[in-house]
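Work through the exercises below with the structure in view, trying each task before reading its solution.

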Amino acid sequence: MKIEILYPGAFPMARVQLAAGESLKAESGAMVSISTTIDVESKVEGGLLKALSRRVLTGEHFFFQTLRAVRGAGEALLAPTVPGDIVIIELDGVHEYLVQKDGFLAGSEQVRIESKMQSLARGLLGGEGFFILKISGEGQLILNSFGAIHKVELKPDEEYIVDNSHLVAWTATTTYKIEKASSGWISSFTSGEGFVCRFRGPGLVYLQSRNPQGFGSWIRQFIPASSE
Amino acid sequence: MAFQSNALCFGSDLPGQGIPSHVETTPEGLALTFSDQHSQPPVPFDQLSLEAGGFDHDQLVVKWTQGGASRTLYIKDAAVIAAFRHAAPPELLAHFDRAAASVRQVRTTRRTVLLAVVGLLVTLGLGAWFGSDALATWAVSLIPPEWEKQIGESAMKDVLAQQEVVREGPVVDAVKEMTTRLTEQIANSPYQFTVTVVKSPVVNAFALPGGSVVVFTGLVKEAKSPEEVAGVLGHEINHVLQRHGMERIVKTLGVMAIAAIVFGDQQGLIGLAKQLGVEIITLKYNRDQETEADLTGLRLLHKAKVDPAGMIAFFERLAQSEKETQRVELLSTHPMSARRAGQLTAELKALPKFLPEPFAFDWEKVQASIKSSDAQPKL
């Protein structure tokens with residue numbers, strides 16, 4: 001499998017070349033185009049409740065597509081929903097990444113993806129739901145961000161504070177605590193940074209340079225109220 | 001031999017992402033090789049401190065200082081951890097036990113939180129499902145009938161795509177006559193009822209929101225009289241009039257909204273909703289809705305001067321077949337047919353007596369036409 005990033009910057013695409021028989025896991029809706037040799041498998045079996053309980057109880061995912069080069073080699077173009085960077089991460093078998101759900105774009109077949117429940121505080125306050133993806137194994141992983149993606153390296157016991165909404169991924173060797181951005185509830189919210197994550201090294205943290213929720217509320221003011 | 005990393009080494013003088021390393025236990029301590037095949041000086045056991053770490057608290061974190069630089073090693077491989085523990089001197093075993101105790105504590109806390117969250121979700125879900133009938137009815141009253149019609153029509157297209165539709169003939173004429181006779185009696189109906197006959201051995205009929213009614217030929221074939229079919233039609237037409245389908249859709253959307261909150265506003269969930277669109281529309285009605293459709297259906301038959309004995313007879317025959325299959329009422333969305341027949345008989349007694357008028361079509365000819373078309377070999 002060969003991955004190449006086309007048009008890096010705000011509106012990139014990933015071109016993935018698959019050899020015959022190879023397959024790729026991609027976020028549903030990520031596919032832009034595929035060769036005719038590739039089949040897309042994304043059927044949810046057993047209905048909504050079964051898929052949900054499968055996902056909750058066993059961590060099996062239900063919203064990924066598998067692109068499989070069934071009839072010979074071919075290529076697939078993938079793009080995220082939001083404007084922003086794409087990065088390729090080589091997984092070496094010992095590094096494990098935790099990725100917030102919207103950060104995952106695709107991964108090679110050998111990449112293991114599990115849903116993990118994160119801490120109650122982060123689930124309730126983080127705005128990303130209770131589940132995040134834990135990605136391990138060997139192979140290539142493609143992440144995407146809203147805006148540019150920025151990597152922070154933390155040395156052992158080094159601490160670093162990140163706004164919740166700007167988190168994309170972090171390695172499993174880091175630990176984090178959720179806390180208010182400033183002391184006192186009122187100033188926390190009025191400063192526009194409600195909750196933040198205090199990370200502790202060693203490990204890596206990937207950030208996105210734009211805040212999806214912030215962008216959403218900014219754009220909402222320009223949407224005219226529905227006229228009856 | 002190819003380099004096989006089984007641990008990650010971090011340090012104040014090393015890159016932040018850590019160096020994949022190979023670790024082995026020797027009688028004296030730890031032997032470490034970096035991924036660049038660079039052997040590190042061996043570390044004696046008495047310099048090490050241990051704790052548990054990693055996202056799942058399933059990694060062993062080993063710390064020591066070497067030549068003024070601190071080192072932190074994350075080991076996940078269970079075999080390596082076991083070998084380490086086996087070789088470790090007694091002083092270090094106390095560290096292992098402390099690490100194991102902290103792992104257990106973290107896991108217990110997580111399990112408690114998970115149970116609490118699942119419990120909360122189940123409560124919320126059940127509350128939304130059972131407590132929101134009034135809310136769903138109110139929400140449905142705000143939906144204009146044109147929307148229902150559009151939803152029903154698009155679902156109808158999906159349903160009929162895999163079916164063989166019977167377009168003309170005695171069965172279609174008969175079903176149309178029955179439908180017209182019943183729907184004529186509905187005052188100020190916002191719905192235009194259309195009925196489609198589908199060739200299938202299934203003994204059933206169903207109605208989609210907005211007034212699209214589907215009758216399977218199996219129902220006409222198995223019915224003992226046209227009044228039995230009219231009874232089923234009366235029931236289905238009332239599901240539409242009482243907007244039961246829309247209530248189910250609104251309630252299901254409510255549950256999905258909760259799911260969306262839990263899982264974040266996930267694109268996949270929207271895709272899933274689209275994929276399950278047809279499934280949602282053909283969702284089962286609940287028992288109260290079935291009973292309501294039975295009773296209002298009976299009144300409609302009464303108004304249209306169709307003999308309600310047919311409807312009751314149909315349920316009695318269903319009750320007979322249920323006895324044979326031993327269906328359990330609690331698990332079923334439809335009330336037991338015997339109870340339904342009983343309720344209908346009681347309701348009929350309360351209505352004023354009338355003289356039923358037969359249908360204009362020839363029932364025997366209708367049934368014969370199904371049998372002859374079944375006998376035809378499929379192309």
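**Exercise 1.** In this predicted model, determine the handedness with which helix 7 of chain B and helix 11 of chain B cross, and then describe how the two helices are oriented and which residues bring them together.

*Solution.* The crossing of these two helices, helix 7 of chain B and helix 11 of chain B, is right-handed. Next, take the geometry: helix 7 (residues 226-241) and helix 11 (residues 287-303) of chain B pack at an angle of about 120°, and their axes lie 7 Å apart. Angles from 65 to 115 degrees count as roughly perpendicular and those over 145 as roughly antiparallel, and helix 7 and helix 11 of chain B are therefore oblique to each other. Finally, look at the contacts, where residues of helix 7 of chain B, including B:A230, B:G231 and B:G234, meet residues of helix 11 of chain B, among them B:A293, B:G297 and B:L300.

**Exercise 2.** Find which strands pair with strand 15 of chain A, and in what sense, and decide whether strand 15 of chain A is mostly covered or exposed.

*Solution.* Begin with strand 9 (residues 97-99) of chain A, which pairs with strand 15 of chain A in the antiparallel sense over three bridges; here A:V99 has A:A169 as its bridge partner. Then turn to strand 18 (residues 203-208) of chain A, which runs antiparallel to strand 15 of chain A and is joined to it by three bridges, with A:L167 standing opposite A:L207. As for cover, strand 15 (residues 167-171) of chain A is mostly covered, since five of its five residues are buried, where buried means under 20% relative accessible area.

Conventions. Residues numbered from 1 in each chain as written. Chains lettered and ligands numbered in written order. Predicted model: local features only at pLDDT ≥ 70, side-chain atom pairs only at ≥ 80, totals over all residues. Heavy atoms only, no water. Buried < 20%, exposed > 50% of the residue type's maximum accessible area, 1.4 Å probe, protein only. Helix = DSSP H or I, 4+ residues; strand = E, 2+ residues; numbered from the N terminus. Pairing = 2+ DSSP bridges. Axes fitted to C-alpha atoms, helices over the stretch in contact; angles between N-to-C directions. Parallel < 35°, antiparallel > 145°, perpendicular 65-115°, else oblique. Left-handed = near helix turned anticlockwise from the far one by under 90°. Contact = heavy atoms within 4.5 Å.
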